[in-house]
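This note is written for a colleague who is opening the structure for the first time.

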Amino acid sequence: MATEQSVDLVDDETVGWFTKAVLIAALTAALAQISIPLPGTLPPFSLQPFGMFFAGLVLGPLWGGLALLLYLLVGIAGAPVFSNANAGLGYVIAGQGTGGFLVGFLVGAVVAGAIAHRGTTPRPVADLSVPVQVVALAAAVAVVYAIGVPWLSMVTGLPLARAATVMAPYVPLDLLKLGIAVAVVQGGYLASR
């Protein structure tokens, strides 16, 4: 009598983290559609940063980075997942000058995850103190602006100082989003404790 044995090529834990990364990527795409176009060359106000925040805090640097990488790749491939249903490599590179912020979200998720989880392996969210979460997300916001503002300057031709001035009103809004993200994660709405 022959017996069959199944061999798992990928363990259940890996499948679980990958599934969560895909869900965060999809959540980021959905949140990007909640955006308000602003006049002139101003980038739209959107809820995309929540995707970066949740990716870093819930998934850590590797899986959180993967979530935002998936989001970027799907958008570059042509799916209208960026704010105001934009898509494509051209939008990321030149578009409205906001491609640097999209790349910044990816790097920001990695930075936030590395600071919050103090390593590459995700820890339970309940083990992350609120001050550590705040520092991690503030660092992510700083990374987003450090990449996004020079990119905006280069694409639009604005002097760097002018591009920074244009983006300055967005900082308090991003800090408000940061506080809301910490509250959502602390409330256990995205992960089981």
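This is a predicted model: local features need pLDDT of at least 70, side-chain atom pairs count only at pLDDT 80 or more; totals for chains, interfaces and linings use all residues.

1. Asp174 lies in helix α7. Is Asp174 buried or exposed? Its relative accessible area is 10%, and since buried means under 20%, Asp174 counts as buried. Apart from neighbours within four places in sequence, Asp174 is in contact with Pro49, Phe53, Val141 and Tyr145.

2. The next matter is the packing of α2 and α5. Helix α2 spans residues 49-76 and helix α5 spans residues 130-156; the two pack at an angle of about 135°, and their axes are 10 Å apart. That angle makes α2 oblique to α5. The crossing in which α2 passes α5 is right-handed. On the α2 side the contact is made by Met52, Phe53 and Leu57, and on the α5 side by Gln133, Leu137, Ala140, Val141 and Val144. Sorted by class, the residues of this contact are seven nonpolar, one polar and no charged.

3. Helix α5 also meets α7. Here the axes come within 10 Å and cross at roughly 145°, and α5 passes α7 in a right-handed crossing. From α5, the residues involved are Val130, Gln133, Val134, Leu137, Ala138, Val141 and Tyr145; they meet Tyr170, Val171, Asp174, Leu178, Ala181, Val182, Val185 and Gln186 of α7. By class, the contact of α5 with α7 has twelve nonpolar, two polar and one charged residues.

4. A further partner of α5 is α4. These helices pack at an angle of about 155°, with their axes 7 Å apart. Angles over 145 degrees count as roughly antiparallel, and α4 and α5 are therefore roughly antiparallel to each other. The crossing of α4 and α5 is right-handed. Their contact divides into 21 nonpolar, five polar and no charged residues.

5. Within α4, attention may be given to Phe105, which is found in that helix. Phe105 has a relative accessibility of 7% and counts as buried. Beyond its neighbours within four places in sequence, Phe105 is in contact with Gln48, Pro49, Met52, Leu68 and Val144. Phe105 and Leu68 are 37 residues apart along the chain, while their C-alpha atoms are separated by 7.0 Å.

6. As general background, nonpolar side chains tend to be buried together in soluble globular proteins.

Key:
Residues are numbered from 1 along each chain as its sequence is written. Side-chain values use heavy atoms; hydrogens and water are left out. Axes are lines fitted to C-alpha atoms, for helices over the stretch in contact, and angles run from 0 to 180 degrees between N-to-C directions. Helices (H or I, at least four residues) and strands (E, at least two) are DSSP runs, numbered from the N terminus. Angles under 35 degrees count as roughly parallel, over 145 as roughly antiparallel, 65 to 115 as roughly perpendicular and the rest as oblique. A crossing is left-handed if the near helix is turned anticlockwise from the far one by less than a right angle, and right-handed if clockwise. Contact means heavy atoms within 4.5 Å. Ala, Val, Leu, Ile, Met, Phe, Trp, Tyr, Cys and Pro count as nonpolar, Asp, Glu, Lys and Arg as charged, and the others, Gly among them, as polar. Buried means under 20% relative accessible area, exposed over 50%, partly exposed in between (1.4 Å probe, protein chains only).
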